[in-house]
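Welcome! Take a moment to look over the sequence and the fold, and then let us walk through some of the strands, helices and loops together.

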Amino acid sequence: MTATIRLTMAQALTRYLSRQMTEIDGERLPIVGGVWAIFGHGNVAGIGEALWQEREHLPTFRAHNEQAMAHAAIAYAKTNMRRRFMAATTSIGPGATNLVTAAALAHVNRLPVLLLPGDVFANRIPDPVLQQVEHSSDGTISANDCFRPVSRYFDRITRPEQIIPALQRAMQVLTDPAECGPVTLALCQDVQAEAYDYPESFFEERLWTPRRPRPDRAELAAAAAALKAAKKPLIVAGGGVLYSVASDELARFAMQTGIPVCETQGGKSALPDDAALNMAAVGVTGTGAANRLAAEADLILAVGTRLQDFTTGSWALFAAGKSVIGLNVQAFDAGKHRALPLVADAREGLAELRDALGGWMAPESWTSDAKAGKAAWRKEAQAATAATNVALPSDAQVIGAVQRSLGSEVILLHAAGGLPGELHKLWQAGSPGSYHAEYGFSCMGYEIAGGLGAKMARPEREVVVMVGDGSYLMMNSEIATSVMLGLRLTIVLLDNRGFGCINRLQNATGSASFNNLLKDARHETLPEIDFVQHAASLGAIAVKAASIAELEVALTQAKTNTRTTVIVIDTDPLVSTGAGGAWWDVAVPEVSERAEVRAARAQYDIKRQHQRVGN
Ligand SMILES: Cc1ncc(C[n+]2csc(CCOP(=O)(O)OP(=O)(O)O)c2C)c(N)n1
Ligand SMILES: [Mg+2]
């Protein structure tokens, strides 16, 4: 007879999770770094009790906002290159739906996170319970059905034994490089507390190692032939290079073939900024060096990238006439825009492609032209980031100060506003993972909670969060959690008194400044928000830097501070770096009372003619 153990479904879940292991650099570690939890009636009695029982093996962390705790979990997984992840448990109703935005963020960025929202009673007897969304037409719908389109795997646990196949499926998805993304197990409140005789074998320790699919022979031969025929090939490195830990292989590939490399937001730091053939950022927020090559290239080897519009310049930069090879672990990404697919792990794929090329090199003139372009770009970038004593510095000048004071080896983290574009262009990344951009979803409010997750993953590293005033106001509560957990962050808050980048976009599309900067929004009193006092009230060490010079002093001081430090600096909302960059498709109204809008539309119509339309 099979040995069994009688546990509640919630106890079985936490026990199972604590026994899933991984190996990183020869060290055996639990694959689940812990569970974020905000309790309510939907999870406190069931999951809450089970987490308490497992607290020595599966730590529980409390946060202030469900979305933020999922952001922290997601950043933890990203910093761990998807080799470890965290879970987040909530009550039913608002606690659960607060996770939905974070689920979408993880889905877009292909990052593993285990979401465990509570759900209504499976037995339906006490219905409608507090926070239950009732549907008169469908008794099987609950608020958690919102998770379906933003989960890679969704299940609702209505019987205790269902957790057995559900957890195995969850682990497959969370550890598979192609399927990877959020898993939602909606846990009916009564079922969390129901007991079952689980087989003891279910709780045996299991080791999960990353899978590295190798290329198909025919796809490899076709990709090698296409490359050999190319005169001006260019590599676009995406986040998949980092997740595959393929940086060394990418450097070898570039060196041996002479093909220049450029990086997406997700792929930045795949190579250090100063690597010989690294042209750095490509696309809408790209460097002059990378975008000149992208415009001229006849073949793009896209490695581990989703080819989103910021990378392709809305397909006007990667215009018609260029071939694309899609080296990607996921067939969906590999075959986009009629690319020649090369479905494989980035490291394995690059290594086999290098072999298949048999010593072939790109024309020398193309490689040397690339190197010269990079040197010219560095001068432009230097000018944008140089120290200044102007009253209101630009984002770029603040970035320069952060780089000079803290170097390239911090983990620099950001997500939304004007900063992502400026940082993509101007930040000189160091080793792989030193640049952490959430730019798949570009979710305002990711930054501080994300910084916390990154610090949990790498407590020995200096984690620097750069955030705008808008994003800060949207979600800042985990400053208090960082202080509570002793996880020190350095947060640089750029206060330009509003949604600066959207105001600039509004103007660039011909519209008047309206409803973005605080001064342009309907108001009785113009807000003067004291961010220093706000951050201090959450427990941070908070200072205002009145100039770039003061900022550099404060940044140096922050390194030796014992708690999270928030440094606030006023910046100019109207300035962004003109050098580099490429067109981005943002639809301009076809008719308008405003002459400026009509003029912008005329320009827009011209630009759109350069777009590749599925060819
Ligand atoms: C959750 C969310 N809401 C709205 C947006 C659209 N959006 C992108 S940037 C931005 C303004 C950000 O303001 P701030 O953080 O102050 O940065 P700034 O633009 O001033 O640099 C907005 C509203 C978004 N990315 N995320
Ligand atoms: Mg702002």
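Gln-20 has its bridge partner in strand β11, namely Arg-206. In this predicted model, strand β2 covers residues 20–24 and strand β11 covers residues 206–208; the two run parallel and are joined by three bridges. Strand β2 also pairs with strand β3 (residues 27–30), here in the antiparallel sense and over four bridges. Thr-22 is one residue to look for, as its bridge partner in β3 is Leu-29. Together β2 and β3 make a hairpin with two residues between them, and Asp-25 in the turn has a positive phi of about 50°. Is β2 mostly covered or mostly exposed? Four of its five residues are buried, so β2 counts as mostly covered.

**The six-stranded sheet**

Next comes an open sheet of six strands, paired in parallel, with the order β5-β4-β6-β7-β9-β8. Strands β5 (60–62) and β8 (153–157) are at the edges with a single partner strand each, so one side of each has no neighbour in the sheet. From one strand to the next, the twist averages 20°.

Within this sheet, β7 (residues 113–119) and β9 (residues 182–188) pair in the parallel sense through five bridges. To find your place along the pair, look for Leu-115, which stands opposite Thr-184 in β9. Helices lie against the sheet too. Helix α1 (residues 9–18) lies across β4 (32–37), β7, β8 and β9, and runs at about 155° to β9. Helix α3 (residues 66–79) packs on the sheet as well, touching β4, β6 (85–90) and β7, and its direction makes about 170° with that of β6.

Which strands pair with β21? Strand β20 (residues 463–468) is joined to β21 by five bridges and runs parallel with it; here Met-466 stands opposite Val-492. Strand β23 (residues 565–570) also pairs with β21 in the parallel sense, over six bridges, and in this pair Leu-493 stands opposite Val-568.

**Helices that meet**

Two packed helices are described by the angle between their axes and the distance between the axes. Here are two pairs to compare.

| Helix pair | Angle | Axis distance |
|---|---|---|
| α8 (residues 217–229) and α14 (residues 346–357) | roughly 60° | within 9 Å |
| α11 (residues 288–296) and α15 (residues 364–385) | about 145° | 8 Å |

The axes of α8 and α14 cross at roughly 60°, and that angle makes α8 oblique to α14. The crossing is right-handed. On the α8 side the contact is made by Leu-220, Ala-223, Ala-224, Leu-227 and Lys-228, and on the α14 side by Glu-352, Leu-353, Ala-356 and Leu-357. Sorted by class, this contact has seven nonpolar and two charged residues, with no polar ones.

In the other pair, Gly-288, Ala-289, Arg-292, Leu-293 and Glu-296 of α11 meet Trp-366, Asp-369, Ala-370, Gly-373, Lys-374 and Trp-377 of α15. The residues of this contact divide into five nonpolar, two polar and four charged.

How many residues of helix α17 (residues 419–426) are buried? The count is eight of eight, so α17 is largely enclosed by the rest of the structure. Among these buried residues are Glu-422, His-424 and Lys-425.

**Backbone details in the loops**

Most residues other than glycine have a negative phi, and most peptide bonds are trans. Against that background, a few places deserve a look. In the loop between β7 and β8 is Pro-128, joined to Asp-127 by a cis peptide bond with omega about -10°. That loop between β7 and β8 also holds Arg-124, a residue with a positive phi near 60°. Arg-124 counts as partly exposed because its relative accessibility is 42%.

Ser-269, in the loop between β13 (261–263) and β14 (278–281), has a positive phi as well, near 90°. Is Ser-269 buried or exposed? Its relative accessibility is 0%, so Ser-269 counts as buried.

Key
Residues are numbered from 1 along each chain as its sequence is written. Chains are lettered from A and ligands numbered from 1 in the order in which they are written. This is a predicted model: local features need pLDDT of at least 70, side-chain atom pairs count only at pLDDT 80 or more; totals for chains, interfaces and linings use all residues. Side-chain values use heavy atoms; hydrogens and water are left out. Axes are lines fitted to C-alpha atoms, for helices over the stretch in contact, and angles run from 0 to 180 degrees between N-to-C directions. Angles under 35 degrees count as roughly parallel, over 145 as roughly antiparallel, 65 to 115 as roughly perpendicular and the rest as oblique. A crossing is left-handed if the near helix is turned anticlockwise from the far one by less than a right angle, and right-handed if clockwise. Contact means heavy atoms within 4.5 Å. Ala, Val, Leu, Ile, Met, Phe, Trp, Tyr, Cys and Pro count as nonpolar, Asp, Glu, Lys and Arg as charged, and the others, Gly among them, as polar. Buried means under 20% relative accessible area, exposed over 50%, partly exposed in between (1.4 Å probe, protein chains only). Two strands pair if DSSP finds at least two bridges between them.
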